[in-house]
Every structure is written in C-alpha cells, then in structure tokens.
Amino acid sequence: MSTSYLPATTDSMAQALEAKNPSESISIFYRILESPSSSPESLRIKEQSITNLSDLLRQENRAEELRSLLTQLRPFFALIPKAKTAKIVRGIIDAVAKIPGTSDLQISLCKEMVLWTRAEKRTFLRQRVEARLAALLMESKEYSEALNLLSGLIKEVRRLDDKLLLVDIDLLESKLHFSLRNLPKAKAALTAARTAANAIYVPPAQQGTIDLQSGILHAEEKDYKTGYSYFFEAFEAFNALEDPRAVFSLKYMLLCKIMVSQADDVAGIISSKAGLRYVGPELDAMKAVADAHSKRSLKLFETALRDFKAQLEEDPIVHRHLSSLYDTLLEQNLCRLIEPFSRVEIAHIADLIELPIDHVEKKLSQMILDKKFAGTLDQGAGCLVIFDDPKTDVIYPATLETISNVGKVVDSLYVRSAKIMA
C-alpha cells in the first residue's frame, strides 16, 4: 500500500478501474481511501472504492487483507450514516465468506466486529453480526457456544420487535436444535419463525429456507408426503431465484419419493423440464438409490453408497434416512432367504444376498436379539439355526383376565361394605 494518497474523485476512480491488473487497481483504491477529504462527494467515491476493493480482494482470495480493511475503515465509519456502515461491514463479511477455507477467519472477524459494535453502541449492526456468528459456530459444530449466543439474542430482538431478524434467528435456532437431535425444540423454533414471518413480507429466498427446514423436520418424523410438499415449495422458490439450494430441495424431494416406495417416479422428476436444469452428481446419486430400491438389490444399494459417498453419506439428512432404508431392505431380504430353512450355512446366505459373511452374521445376530425371528448362531459350525415360532399358551392370558375380574369384584364388595358400615 502506497504512502501517497489520491484525491477521492471520479478521475481517481476511473484510473483504478482502468488499471492493467488487479494488484494495481487494489493499490489505487487503497490510496483513494487514504484521502483526508470528507466532503459528500469524497465520501461517495470512497464508498464505491470500498465496494470495488472488497470485490477485487475476494477475487484474489486475499481474506486477511479484507479483515485488515475492516479495521482500517473504522475512522471512516464515524463520518457516514450507521445504515451505510452496516451495509459496508456486512458486504465485507460476505466477501470473506465467498473465499474457500475461511471459516475460522470469519468467526474471529465476526467476534472482533461484535466487540467493536458493542463499544460503539451500534445495536442494529451488532445483532446481525451476532446472528451471522451463531450460524458460523453452528457450521463449525460449536453448538453450545452458538446456542448461548442465540438465547440472549432472541430475547433482545423480541423486545425490539424486529420481525425480519427474528425470522432469521428462529430459523437458525431450529437448525441448531435439529443438529443436536432435539426435534421438539426444533419444531417450536420453526413455528416461532413462521409466526413472525406471517406478520411481515418475507423475501422469497427466506420463505424457501423456511419451507426447506419444514420439509426436513417432517421427513425426520417419517411424514414423507408432507415433507415432499414442503421440499417442492422450497424448490420452486429457489429455482425461480437460481439459488444453488434448489438442487438440494430437489434431491430431498426424490428422497421422499424413495422412502414412500415410489422410486419409479424418480426418473420422471429428473427428466422433467425443471429437473433437467440440475442434472449432476446429486441427482445421479438419488437415481442410483431409486434403481437399487426398485430392484430390491442390496448390492446395487451398496454400490450407489460407495460411488456417491459425498452426495449420500456426507449429507447428514440423506444419510440418516438411507441408513434406515438400507436396514429395512436388508432385513426383508434376509427374512425371505432364511424362510425355507431350519438350519443353513451363513456363507450360503451371504452368497445368495451377495454381501460379506461378517456383515451378514452381524445383521443376523442383531435380528435375533431384536426378535425379528427365533433362532441362534452356531459359530463353531458357521450355521444359522432357525426355530419354529413358539406357540403362546392361551392359559396365561385367560388366568390374568380371571385375576383382574376377581380384583374388580373384591373392590366393588369393599365399597358396598363401607357404605353399609357408614
């Protein structure tokens, strides 16, 4: 950064924009910001310079310089309105967020800005930066710290009745509780977000986010049909905005179709006009799972999980549902295969189902413990012994019913004798 400043004029701005390379442009913008002039025109030129400079630094992946820029601009913020300050600060934080691998830097930057806004008594900006910080902490799996931050922020924002920010915070709280597997609190926070959203105009992207979260919670409760409806609403909102989250909404729509045994509909949805726009690994993964489900093939299922590990196993929402689907498919296939036998080699079952022997043995022992069928594993001989279903003796339920009826008679006699004695 040069020590000599440039006057904050349109000529200086043009000079920066016409520079031969980004580094030269960045240097000129820094020199414009060093101008001591505080006239309205100079301030306007400086604001434009900050926007252009932050864009250039983002393109060059110079995250640390963006952080330093935010500290350097603090005296300038005293000269401009608070609303413009908030816009610039949030713009620079957004620019840092677009640079890959800067999660830790974003968290420390937000913490610095929270301290500065608290000292400067800039409540409006502080609340938004704190909400951003809570979201970053949640992404970094710092759940307890994020929850502590949100609990205080929610009370403060409710007092101020800032509905739009309240929708953001309630939605974030719902996601946080869902990550902590606390479904009742996740649903309560989502209901609060919907209530706040009904009182104001909510931007389409925000409404799409609410619908996406609603779909995730309904799917978690195994209400896949309602979940599908919400995912469809979210997909339409994101698709219209060309938001990258549209492909995830579509992916979860396909997941719901598979979970309600309508896997045959998956290919039709993917080949529709809207679906063709998002053809790629995410949809290919769901199509592979749908094919495996339609053919009741565990081998194809495992192949899909292996080939599309990033899209299936690393997506916690999809992974959770596919795990239960895989277990159900495996149990159904094993029960069908062992039905004709009273004693059978585990290796033979493994050959029939085309899975490793240790995997099949582990699942069979789990099914025996869960009382899915009566049997035992003879590990010495490497066999599964299946017992006939034990016949329940009808005398025990009849005896319990008789004892219950005698108890009722004794109770009624006691009540009558008490009335006579009285």
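R194 touches Q207, I210, D211, S214 and Y230, leaving out residues up to four places away in sequence; contact here means heavy atoms within 4.5 Å. R194 is found in helix α11 (residues 183-198). Helices are DSSP runs of H or I with at least four residues, strands are E runs of at least two, and both are numbered from the N terminus. The relative accessible area of R194 is 24%, so this residue is partly exposed. The classes are buried under 20% relative accessible area, exposed over 50%, and partly exposed in between, with a 1.4 Å probe and protein chains only. From R194 to E236 the sequence separation is 42 residues, and the C-alpha atoms are 18 Å apart.

This is a predicted model, in which local features need pLDDT of at least 70 and side-chain atom pairs count only at pLDDT 80 or more, while totals for chains, interfaces and linings use all residues. Residues are numbered from 1 along each chain as its sequence is written, and side-chain values use heavy atoms, with hydrogens and water left out.

Beyond its neighbours within four places in sequence, K251 is in contact with E282, L283, M286, Q311, D315 and V318.

The ring centres of F231 and Y252 are 5.4 Å apart and the planes meet at 50°, so the pair is tilted. Rings of Phe, Tyr and Trp (its six-membered ring) pair if their centres lie within 6.5 Å; planes under 30 degrees apart are stacked, over 60 edge-to-face, and the rest tilted. F231 counts as buried because its relative accessibility is 1%. Y252 is at 6%, so it counts as buried.

By this rule the count is four aromatic pairs. In another of them, F77 and W116 have ring centres 5.7 Å apart and planes at 55°, so this pair is tilted. F77 sits in helix α5 (residues 74-77) and W116 in helix α7 (residues 103-120); the pair links distant parts of the chain, 39 residues apart. F77 and W116 are both buried.

Charges also sit over rings. The rule asks for NZ of Lys or CZ of Arg within 6 Å of the ring centre and within 35 degrees of the ring normal. R128 has its charged end over the ring of F124, 3.7 Å from the centre. Over the face of F178 lies R181, at 5.7 Å from the ring centre.

Now the pockets. On a 1 Å grid over the protein atoms alone, a pocket is an open set of points with protein on both sides within 12 Å along at least five of seven lines, and lining residues have an atom within 4 Å of a point. A volume is the space filled by probe spheres set on the points, which are joined across faces, edges and corners; the probe is 1.4 Å.

The largest pocket has a volume of about 1,700 Å³. Its lining has 43 residues, and A135, M138, E139, L172 and K175 lie nearest its centre. Elements that give two or more residues to this lining include α8 (123-139), α12 (204-220) and α20 (316-338). α10 gives the most, with nine residues. By class, the lining of the largest pocket has 23 nonpolar, six polar and 14 charged residues. Here Ala, Val, Leu, Ile, Met, Phe, Trp, Tyr, Cys and Pro are nonpolar, Asp, Glu, Lys and Arg are charged, and the others, Gly among them, are polar.

The second largest pocket holds about 300 Å³ of space. Of its 15 lining residues, T51, S54, K87, I88 and G91 are the closest to its centre. α3 (40-59) and α6 each supply at least two residues of this lining. The classes here are four nonpolar, four polar and seven charged residues.

Most residues other than glycine have a negative phi. N61 is not a glycine, yet has a positive phi of about 60°. N61 lies in the loop between α3 and α4 (63-72). S261, another residue other than glycine, has a positive phi near 60°. S261 is placed in the loop between α14 and α15 (264-270).
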